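Biologist: I am new to this structure and would like to learn how to read it. Could we go through it one feature at a time?

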Amino acid sequence: MRQHILMSVAVAAAMSLPSGPAGATDFAVRPGKDTNVVFTSKAPMETFEGKTHNMSGTLTLDPGTVGDSITVHLEVDLARLDTGKSLRNKHMREEHLETAKYPKAVFDGATVLSPAGAKLVVGQPVAFQIEGTFTLHGVSRRLRCDATATYSERGKVGVIEFTATFPVTLSDYSIKRPEFLFLKLAELQQVRVSANASSAP
């Protein structure tokens with residue numbers, strides 16, 4: 001009988017635990033003109049950029065305790081990347097990224113590596129280094145990136161404007177460069193992300 005009572009108390013206590021960080025708020029990222037993902041390829045014979053406004057997801061955090069509360073999930077629609085040339089777009093989507101099979105790039109999680117005790121104060125940009133899991137072309141790897149975020153309040157809506165930059169090495173994600181493209185498509189791609197994330201009113 002005593003064992004049954006103790007087990008009931010333990011189950012009740014477990015059920016009462018919060019499902020996420022206390023005080024954390026969801027900030028939604030939506031596709032549109034304020035959402036930008038740009039990769040830059042600097043190869044010996046050609047330099048070009050691929051761009052898209054089609055990124056969506058959620059930042060979940062408490063602005064006052066970012067380092068203890070943040071969770072990130074962002075998805076980029078790779079089939080909407082535009083390099084400025086239709087034939088190059090076709091090659092990029094069909095032969096390299098294989099978007100029919102791997103339609104999205106995804107960043108998940110987020111650990112704030114610096115600064116310690118990070119928080120967002122209205123109107124003050126804060127530089128972070130964060131780490132999460134980046135999935136591209138069916139391959140998931142831990143990735144570190146530099147990010148800057150500024151928090152503002154627009155009436156009852158909280159807004160986080162953020163940018164992040166990081167390198168992507170194609171071979172790390174099993175993305176092949178055919179021999180004829182070695183001098184036109186860089187092995188190392190520089191990626192820059194910028195967007196606004198808004199809370200619900």
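Biologist: What volume does the largest cavity have?

Modeller: The general idea comes first. Rolling a probe the size of a water molecule over the atoms shows where empty space is left. Keep in mind that this is a predicted model. Here the largest cavity has a volume of about 640 Å³. Of the 41 residues that line this cavity, F107, F134, F166, V191 and V193 are the closest to its centre.

Biologist: How many cavities of 30 Å³ or more does the structure hold?

Modeller: The structure holds one.

Biologist: Which strand gives the most to the lining of the largest cavity, and how does the lining divide by class?

Modeller: Strand β9, residues 157–169, gives the most, with six residues. By class, the lining has 37 nonpolar residues, four polar ones and no charged ones.

Biologist: What is the volume of the largest pocket?

Modeller: A cavity is a space that the probe cannot get out of, whereas a pocket is open. The largest pocket has a volume of about 260 Å³. Its lining has 12 residues, and E46, R88, H91, L181 and K184 are the closest to the centre. Helix α3, residues 86–96, gives the most to this lining, with five residues. The lining of the largest pocket divides into six nonpolar, two polar and four charged residues.

Biologist: Now the fold. How many helices and strands are in the chain, and in what order do they run?

Modeller: The chain has three helices and 10 strands. From the N terminus on, the order is α-β-β-β-β-α-β-α-β-β-β-β-β.

Biologist: How is the pairing of strand β1 to be read?

Modeller: Look for the partner strands and the sense in which they run. Strand β1, residues 25–29, is joined to strand β4, residues 55–61, by five bridges, and the two run antiparallel. Within that pair, F27 stands opposite L59 in β4. β1 also pairs with strand β10, residues 188–199, over three bridges in the antiparallel sense. There, V29 has A197 of β10 as its bridge partner.

Biologist: Which strands does β2 pair with?

Modeller: In a regular strand the side chains alternate between the two faces of the sheet. As for partners, β2 runs antiparallel to β10, joined by six bridges, and V37 stands opposite V193 in β10. V193 is also one of the residues closest to the centre of the largest cavity. β2 pairs with strand β3, residues 47–52, over six bridges, again in the antiparallel sense. K42 stands opposite T47 in β3, and a hairpin of four residues joins β2 to β3.

Biologist: Why is β2 described as largely enclosed?

Modeller: A residue counts as buried if its relative accessible area is under 20%. Strand β2, residues 36–42, is largely enclosed by the rest of the structure because five of its seven residues are buried. For the chain as a whole, 38% of the 201 residues count as buried.

Biologist: Is V72 buried or exposed, and which residues does it touch?

Modeller: V72 has a relative accessible area of 5%, so it is buried. V72 lies in strand β5, residues 71–77. Leaving aside neighbours within four places in sequence, V72 is in contact with T58, L59, F107, D108, G109 and A110.

How values were computed
Residues are numbered from 1 along each chain as its sequence is written. This is a predicted model: local features need pLDDT of at least 70, side-chain atom pairs count only at pLDDT 80 or more; totals for chains, interfaces and linings use all residues. Side-chain values use heavy atoms; hydrogens and water are left out. On a 1 Å grid over the protein atoms alone, a cavity is a set of points where a 1.4 Å probe fits but cannot get out, and a pocket is an open set with protein on both sides within 12 Å along at least five of seven lines; lining residues have an atom within 4 Å of a point. Grid points are joined across faces, edges and corners, and a volume is the space filled by probe spheres set on the points. Ala, Val, Leu, Ile, Met, Phe, Trp, Tyr, Cys and Pro count as nonpolar, Asp, Glu, Lys and Arg as charged, and the others, Gly among them, as polar. Two strands pair if DSSP finds at least two bridges between them. Buried means under 20% relative accessible area, exposed over 50%, partly exposed in between (1.4 Å probe, protein chains only). Contact means heavy atoms within 4.5 Å.
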